[in-house]
Amino acid sequence: MAQCKNCDRPVQESFCSYCGQPADVAHISFYFVLGEFLHFFTHIPDRFLFTSVRMLVAPSTTVRDSSAGNADGTNPPSPIF
Ligand SMILES: [Zn+2]
């Protein structure tokens with residue numbers, strides 16, 4: 001059983017039931033820091049390029065999937081317009 005990295009209590013689900021800390025804390029990598037740095041100055045969402053390409057290739061599918069709640073790694077397409 002995993003332990004909470006915040007309060008050291010056992011965690012059975014995705015979040016600690018005592019303090020709310022996520023059970024799987026993301027590892028901070030070089031790409032994460034680079035993405036946060038670029039986002040700080042540009043405010044461009046992290047999946048903007050992927051969403052833009054998908055909107056060019058299959059716009060109706062992207063909007064339909066996003067409306068149905070199946071984002072599949074894309075941002076909501078409405079800010080692109
Ligand atoms: Zn906790």
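Tutor: Asp8 sits in the loop between β1 (2-3) and β2 (10-11). Helices (H or I, at least four residues) and strands (E, at least two) are DSSP runs, numbered from the N terminus. One caution: this is a predicted model, where local features need pLDDT of at least 70, side-chain atom pairs count only at pLDDT 80 or more, and totals for chains, interfaces and linings use all residues. Residues are numbered from 1 along each chain as its sequence is written.

Student: Why does Asp8 count as exposed?

Tutor: A residue is buried if 20 or more other C-beta atoms lie within 10 Å of its own, exposed if 12 or fewer, and partly exposed in between; the C-beta atoms are placed from the backbone. Asp8 is exposed because it has 10 other C-beta atoms within 10 Å. Look at its backbone too. Asp8 is not a glycine, yet its phi is positive, about 60°.

Student: Where is Gln12, and is it buried or exposed?

Tutor: Gln12 is in the loop between β2 and α1. Gln12 counts as exposed, because it has 10 C-beta neighbours inside 10 Å. Now compare sequence and space. Gln12 and Ala2 are ten residues apart along the chain, and their C-alpha atoms are separated by 7.1 Å.

Student: How many helices and strands are there, and in which pattern?

Tutor: The protein has three helices and two strands. Along the sequence they read β-β-α-α-α.

Student: What should I look for in a helix?

Tutor: An α-helix has 3.6 residues a turn, so residues three or four places apart point the same way. Then check the span: the expected value is 1.5 Å times one less than the number of residues. Helix α1 (residues 30-42) has 13 residues and reaches 18 Å from its first C-alpha to its last, close to the 18 Å expected. After α1 comes His43, whose phi is positive, near 60°.

Student: What about Leu49: where is it, and is it buried or exposed?

Tutor: Leu49 belongs to helix α2 (residues 48-57). Leu49 counts as exposed, because it has 10 C-beta neighbours inside 10 Å. From Leu49 to His27 is 22 residues in sequence and 23 Å in space, C-alpha to C-alpha.

Student: Why does Thr74 count as buried?

Tutor: Thr74 has 20 C-beta neighbours inside 10 Å, so it counts as buried. Thr74 lies in the segment after α3 (59-67). Two residues are in contact if their C-beta atoms, placed from the backbone, lie within 7 Å. Beyond its neighbours within four places in sequence, Thr74 contacts Arg47, Phe50, Thr51, Arg54, Thr62 and Ser66. Phe48 is 26 residues from Thr74 along the chain, with 7.6 Å between their C-alpha atoms.

Student: How is the whole protein divided?

Tutor: It has domain 1 (1-43) and domain 2 (45-81); such bounds come from an automatic or database domain assignment. The C-alpha centres of domain 1 and domain 2 lie 25 Å apart.

Student: What is its radius of gyration?

Tutor: The radius is taken over C-alpha atoms, and the globule rule is 2.2 Å times the number of residues to the power 0.38. The protein has 17 Å, whereas a compact globule of 81 residues would have near 12 Å. Its C-alpha trace spans about 45 × 30 × 15 Å along its principal axes. Of its 81 residues, 7% count as buried.
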